[in-house]
Amino acid sequence: MPEGHTLHRLARLHQRRYGGAPVAVCSPQGRFAAEAAVLDGRVLRRTSVWGKHLFHHYEPSRGGPIVHVHLGLYGTFTEWGRPDGAPLPEPVGQVRMRMVGADYGTDLRGATVCELVDEGQVSAILARLGPDPLRSDADPSSAWARITKSRKPIGALLMDQTVIAGVGNVYRSELLFRHRIDPFRPGREIGEAEFDAAWTDLVALMKVGLRRGKIVVVLPEHDHGAPSYLPERPRTYAYRRAGEACRVCGGPIRTEVLEGRNVFWCPACQK
C-alpha cells in the first residue's frame, strides 16, 4: 500500500499538470461514469492530501465537487504525456477514472475508493484521521494522547490511521528500529521524550520520501552489506529482512504478524 509521501507527491504532480485549467474526465470502466460527467470540463482548483487520502477540488470555489481517492493495496495512477495534443491512448485494464489536460493525462486503476464528495463529507473523513506528519498544520499532541492511554502495541498504533495518518508498514518498522523500540511494547509504556524524538524523525524521513520519491531510512554508516529486498528499492534496517543479519548488531531480524500485517524488528537492538 502506498505510504503518505506517495500521495503528497501525486497531489503535487496533479496540481502542476492539471491545476488551474479545465480537465476532461471520463470513466472507461464505467463505475465512475455518472460522477465523471459532473466533473468533465470543470477547472481543477487545487489538490490536497491527508494521510493516504487524496482530494481533487473542482470549481466553483465554494461548494464545488471534490474527488476522494484512497489507493488501498492495489490502486495506482498511470501518467502519460500528450505532446502537441497527440491522440489519447486506448485504456488498458480497468480504468476507473481518466483525467486529461492540455499536455498530460492520467489513468486511475484499482483504487479502494474513488468517489465524489462534498465539503461536509471531506470534513467527516478528516475528523476520523490522526495528524499527517507531512502537513504544516499537523499537531502531534493528539497522537501522543491516544498512544499514552493505549495498551495496544506501539507497532499496531503506528499503523492506525486514526492515530497518525500516512504511516505504512515500511515507515512503521523502520521508525521503531531507528529508535530501538520493541514493536510489541504497549503504547502506554512509551515515554514522552521517546515519542517526541520519533515524531521529529518521522517528519524528517517522510519529507525525504516526498522529495526523493522513495523511502530512505538507513544511515550512511550502516548502508552496507546485504542489498535491498528489491533491486530498485533503498536498503532498510528491518523491513522485509527476516532472517538476515541486523545492519547494526549482526543478530537475526525477526518478523511476526501484528494485527494482520507483518512487522519486522531486531530483538537485540529493540529490547
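## Sheet pairing

In this predicted model, Met99 has Thr106 in strand 7 as its bridge partner. That pair belongs to the antiparallel pairing of strand 6 (residues 95-100) with strand 7 (residues 104-109), which extends over five bridges. Helix 1 (residues 4-18) packs on the sheet, where it touches strand 5, strand 6 and strand 7, and its direction makes about 30 degrees with that of strand 5.

The sheet itself is open and antiparallel, with four strands in the order 1-6-7-5. Strand 1 (24-26) and strand 5 (76-81) each have a single partner strand and stand at the edges, so one side of each is left without a neighbour in the sheet. On average, neighbouring strands are turned by 15 degrees against each other, direction ignored.

## Salt bridges

The whole structure contains 10 salt bridges. One of them joins Glu79 and Arg17, with the closest N and O atoms 3.7 Å apart; because Glu79 lies in strand 5 and Arg17 in helix 1, the pair ties together parts that are 62 residues apart in sequence. Glu79 is partly exposed at 25% relative accessibility, and Arg17 is partly exposed at 26%.

Asp201 and Arg178 also meet through their side chains in a salt bridge (2.8 Å, N to O), which links helix 7 (residues 192-212) with helix 6 (residues 169-178). Here Asp201 is buried, with a relative accessible area of 13%, whereas Arg178 is partly exposed at 23%.

## Nonpolar surface

Met1, Leu73 and Tyr74 make a nonpolar surface patch of about 370 Å², and Leu73 is placed in the loop between strand 4 (66-70) and strand 5.

Note on methods
Residues are numbered from 1 along each chain as its sequence is written. This is a predicted model: local features need pLDDT of at least 70, side-chain atom pairs count only at pLDDT 80 or more; totals for chains, interfaces and linings use all residues. Side-chain values use heavy atoms; hydrogens and water are left out. Two strands pair if DSSP finds at least two bridges between them. Helices (H or I, at least four residues) and strands (E, at least two) are DSSP runs, numbered from the N terminus. Axes are lines fitted to C-alpha atoms, for helices over the stretch in contact, and angles run from 0 to 180 degrees between N-to-C directions. Contact means heavy atoms within 4.5 Å. Patches are made of residues with over 30% relative accessible area and no salt bridge: like charges are joined within 9 Å, nonpolar side chains (Val, Leu, Ile, Met, Phe, Trp, Tyr) within 5 Å. Accessible areas come from the Shrake-Rupley method with a 1.4 Å probe; for residues, only the protein chains shown count as cover. A salt bridge is a side-chain nitrogen of Lys or Arg within 4 Å of a carboxyl oxygen of Asp or Glu. Buried means under 20% relative accessible area, exposed over 50%, partly exposed in between (1.4 Å probe, protein chains only).
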